[in-house]
Amino acid sequence: MKVTVVGGGVVGTMHAWQAVERGHEVVQIEREAEARGASLRNFGQIWVSGRAGGEELETAVRAREIWEEIGGRVPALGFRANGSLTPVRGELERAVAEAAVARPDAAARGHKLLTPAEARALNPALRGEFDAALYCERDAAVEPRTAQRALRAELLKHPNYTFLPGREVRDVVGESAVRDDHGDVHAADVVVLCTGAWLGGLVRELAGPDLPVRRVRLQMMQTDPLGEPLPTSVADADSFRYYPAYASAALDDLDARQPQSATAAAHRMQLLMVQRADGGLTIGDTHEYEHPFAFDTVEEPYEHLAAVVESLLGRPLPRIRRRWAGVYAQCTDPSRVVHRQEVRAGVWLVTGPGGRGMTCAPAIAERTANELGW
């Protein structure tokens, strides 16, 4: 079978990986020299802890298994089963964590409520004051800025894999064939469009104006090396408001009695933090849903995040090395992990995983391969 994958981000690359692993001939086309979108501008987290119960959690758990398997073969991914800690303060935040631990699927996430001493035994860098910490053993991480390159280097070892950068697919020609902006036609048995947040142009022509996917903009930052290990990923209690696994009466009570700060609420914020291989910290993030998006970044969210991090670390934050904005595609129906649609005979659009893209891409691609009979 011949498979054409359009898009060089993590969703597209994992589709290419699945096809190559199953013995098919694969051409992967990317309009940039390499992926530059959400697949690089994220935390690199394999984030199981906050996923909604049911299909979303099952997808994340399966994806984490695949990430670990691939990480064993491709050390340059930087896969590490680091887990995560969410420190909580006060009875209201603790009650949300306790409700998460009481869920029937808590064991699948590896959820435990730890004392401060137990949390610091896992992550001694957390010297700030907190009353307890929600631990998720199943969370993991990879290096987002280099993961696609590492995966592609492994794929290029296969003679039946071809990567074509710097080419934008402009139209579908007949069945299962696409034409790029060089005028070349790529015929295959199946085409998979994994174009990320690029929802205009050809995607709009093929899927129509009512595609149930929206674009979301975020702001993040990265610091100089911390100077010590941060052994786990770290979140704050605002993440309870963002991830569906934490929906509960306790969360409703927290929202009513202890609302977010004005800055966090205005920018729909949470703290997520991961240490990179060079020792720096990736810290975020904000969420902007209304179009048109701002073209610049604003400082108030960064100041808020820095203050939260410093309160948890009990020390000043290292110098901020980078700030950036990114955009990802998200299904408008939050119960759907991804939008998968045959937009022409033999041409499939796979998009809209939202903030779950880095976590769930391996399992999303596996399901596509299974459903299409690769």
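Predicted model: local features only at pLDDT ≥ 70, side-chain atom pairs only at ≥ 80, totals over all residues.
1. Which helix gives the largest share of its lining? That is α11, which supplies four residues. The elements contributing two or more lining residues are α8 (238-242) and α11 (299-313). The pocket has a volume of about 230 Å³ and a lining of 15 residues. Arg89, Glu93, Asp236, Ala237 and Asp238 are the ones that lie nearest its centre. Sorted by class, the lining is made up of five nonpolar, five polar and five charged residues.

2. How many cavities of 30 Å³ or more does the structure hold? There is one, and the space in this largest cavity comes to about 50 Å³. Its lining consists of Glu34, Ala35, Leu40, Pro144, Arg145, Thr146, Gln148, Arg149 and Arg152. If you are thinking about charges here, note that four of the lining residues are charged, alongside three nonpolar and two polar ones.

3. On to the nonpolar interior. In general, nonpolar side chains tend to be buried together in soluble globular proteins. Here the largest nonpolar core counts 43 residues, and Met14, Val26, Trp67, Ile70 and Leu77 have the most contacts inside it. At least two core residues come from each of β1 (2-6), α1 (10-21), α2, α6 (144-155), β8, β12 (190-193), β19 (347-351) and α12. The largest share, seven residues, belongs to α1.

4. Leaving aside residues up to four places away in sequence, Met14 touches Trp67, Ile70, Leu151, Ala361, Pro362 and Ala365.

5. Now the charged pairs. Side chains of opposite charge can pair when their charged atoms come close. Searching the whole structure turns up 30 salt bridges. One of them joins the side chains of Glu55 and Arg367, with an N to O distance of 2.8 Å. This pair links distant parts of the chain: Glu55 belongs to helix α2 (residues 55-73) and Arg367 to helix α12 (residues 357-371), and the two are 312 residues apart.

6. Asp105 and Arg109 give another salt bridge, their closest N and O atoms being 3.0 Å apart. Both of these residues are buried.

7. The side chains of Arg167 and Asp184 also meet in a salt bridge, at 2.6 Å from N to O. Why does this pair tie together separate parts of the chain? Arg167 sits in the loop between β8 (161-165) and β9 (169-172), and Asp184 in the loop between β10 (177-180) and β11 (185-187), so the bridge connects parts that are 17 residues apart in sequence. With a relative accessibility of 18%, Arg167 counts as buried because the cut-off is under 20%. Asp184, in contrast, is partly exposed, with a relative accessible area of 33%.

8. Finally, please look at one group that goes beyond a pair. Asp224, Asp278, Arg319 and Arg321 are linked to one another in a network of salt bridges.

Terms used:
Residues numbered from 1 in each chain as written. Heavy atoms only, no water. 1 Å grid on protein atoms, 1.4 Å probe; cavity = no way out; pocket = protein on both sides within 12 Å on 5 of 7 lines; lining within 4 Å. Points joined across faces, edges and corners; volume = space filled by probe spheres on them. Nonpolar A, V, L, I, M, F, W, Y, C, P; charged D, E, K, R; others polar. Salt bridge = Lys/Arg side-chain N within 4 Å of Asp/Glu carboxyl O. Buried < 20%, exposed > 50% of the residue type's maximum accessible area, 1.4 Å probe, protein only. Core = buried A, V, L, I, M, F, W, Y, C linked by side-chain atoms within 4.5 Å. Contact = heavy atoms within 4.5 Å.
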